[in-house]
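Welcome to this short tour of a protein model. Take a look at the sequence and the 3D view, then read on section by section.

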Amino acid sequence: MEISNAAAIVTGAASGLGAATAARLAADGAHVFGLDLAAGVAAAPAIEGVQYLAADVTSPSDVEAALAAVRESGHDLRLVVNCAGIAPAVRILSSRGVHDLDVFRRTIEVNLVGTFNVLRLSAELMAAQAADSDGQRGVIINTASVAAYEGQIGQAAYAASKGGVVSLTIAAARDLARSGIRVNTIAPGIVATPMLTSLGEEVGASLARTVPFPARLARPDEYADLVTMIVAHDYLNGETIRMDAALRMAPQ
């Protein structure tokens, strides 16, 4: 799939994995529409080729408005990368009581329902476009986590939401095959995002020691590299790829 001069949507584009991906795709010639909450958009770095749009991924009307902007740009939507997500840390039972159901529900809503909302509406637009010479109309890449497989203590909500994204992948790929749309998922391990680095060097170093090889945290630009590899590999479909340096998470 060729994305140069095509439109791409990246959610969670104001920071972390989304910001790195938006910058990389813009550098590769894509017209990037970076979706994030209004506060994130206000603080996002200016990147040539990236147009930020305030949108809540769980809102059908917000996503539809973003897709309308894509249509108005005159560029075919060839790539969607879902990076938006939240990661609360709450035990099911703790000294503070039982897990708040609203926290669980909100995590599923953002990480799983939000991903599906963007996927379904983007697929509708992609399916209406002309296919390329290989019959492809687009690629959708979702973000899960190794927590989908080895959820740690305090990650019940997060692990459940990301497990749903993993399970969604093959079903969505099969559903959208007749429209020429590929669907894949990346499951990162421990990535040095701003949220993680804000915890301090000691925490980062401690986490890095748990990684087999390379014994360090992943970089957001390595996630962006994998996005471009998936886009370029036309036979890769319905897969969840762990980007974790052979890490298997311990209980805590």
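## Helix 5

Let's begin with helix 5, which covers residues 156–176 in this predicted model. Helix 5 is built from 21 residues, and the distance from its first C-alpha to its last is 30 Å. That is close to the 30 Å expected at 1.5 Å a residue. Helix 5 also has a kink of about 30°, and the kink is centred on Leu168.

Ala171 is a residue of helix 5 too. Is Ala171 buried or partly exposed? Its relative accessibility is 40%, so Ala171 counts as partly exposed. Twelve residues separate Ala171 from Val183 along the chain, and their C-alpha atoms are 9.1 Å apart.

## Helix 4

Next comes helix 4, made of the 27 residues 101–127. How far apart are its end C-alpha atoms? They are separated by 37 Å, which agrees with the 39 Å that 27 residues should span at 1.5 Å a residue. There is a kink here as well: about 35°, centred on Val113.

Now look at the start of helix 4, where Asp100 comes in. One of the side-chain oxygens of Asp100 reaches to within 2.7 Å of the backbone nitrogen of Asp102. Further along, you can find Arg120 in helix 4. With a relative accessible area of 37%, Arg120 is partly exposed. The C-alpha atoms of Arg120 and Gln252 are 35 Å apart, and these two residues are 132 residues apart along the chain.

A handy idea to keep in mind when you look at helices: an α-helix has 3.6 residues a turn, so residues three or four places apart point the same way.

## Two buried residues

Val70 belongs to helix 3, which runs over residues 60–73. Its relative accessible area is 1%, so Val70 is buried, as the cut-off for that word is under 20%.

Asn142 sits in strand 7, which spans residues 138–143. Asn142 has 0% relative accessibility and therefore counts as buried. Asn142 and Ile153 are eleven residues apart along the chain, and 24 Å separates their C-alpha atoms.

## The second largest pocket

Rolling a probe the size of a water molecule over the atoms shows where empty space is left. In this model, the second largest pocket holds about 170 Å³ of space. Which residues line the second largest pocket? They are Gly189, Ile190, Val211, Pro214, Arg216, Leu217, Ala218, Glu222, Met243, Asp244 and Ala245. Sorted by class, this lining has seven nonpolar residues, one polar residue and three charged residues.

Most residues other than glycine have a negative phi, and most peptide bonds are trans. The peptide bond that joins Phe213 and Pro214 is cis, with omega at about -5°. You will find Pro214 in the loop between helix 7 (201–208) and helix 8 (220–232).

Ala245 is not a glycine, yet its phi is positive, at about 55°. Ala245 is placed in the segment after strand 9 (240–243). Its relative accessible area is 25%, so Ala245 is partly exposed. Ala246 also has a positive phi, about 70°, although it is not a glycine. Ala246 is likewise in the segment after strand 9.

Methods. Residues are numbered from 1 along each chain as its sequence is written. This is a predicted model: local features need pLDDT of at least 70, side-chain atom pairs count only at pLDDT 80 or more; totals for chains, interfaces and linings use all residues. Side-chain values use heavy atoms; hydrogens and water are left out. Helices (H or I, at least four residues) and strands (E, at least two) are DSSP runs, numbered from the N terminus. The expected span of a helix is 1.5 Å times one less than its number of residues. The bend at a residue is the angle between axes fitted to the seven residues ending there and the seven starting there. On a 1 Å grid over the protein atoms alone, a cavity is a set of points where a 1.4 Å probe fits but cannot get out, and a pocket is an open set with protein on both sides within 12 Å along at least five of seven lines; lining residues have an atom within 4 Å of a point. Grid points are joined across faces, edges and corners, and a volume is the space filled by probe spheres set on the points. Ala, Val, Leu, Ile, Met, Phe, Trp, Tyr, Cys and Pro count as nonpolar, Asp, Glu, Lys and Arg as charged, and the others, Gly among them, as polar. Buried means under 20% relative accessible area, exposed over 50%, partly exposed in between (1.4 Å probe, protein chains only). A polar contact is a pair of N or O atoms within 3.5 Å; within protein, one must be able to donate a hydrogen and the other to accept it, and residues adjacent in sequence count only if both atoms are side-chain atoms.
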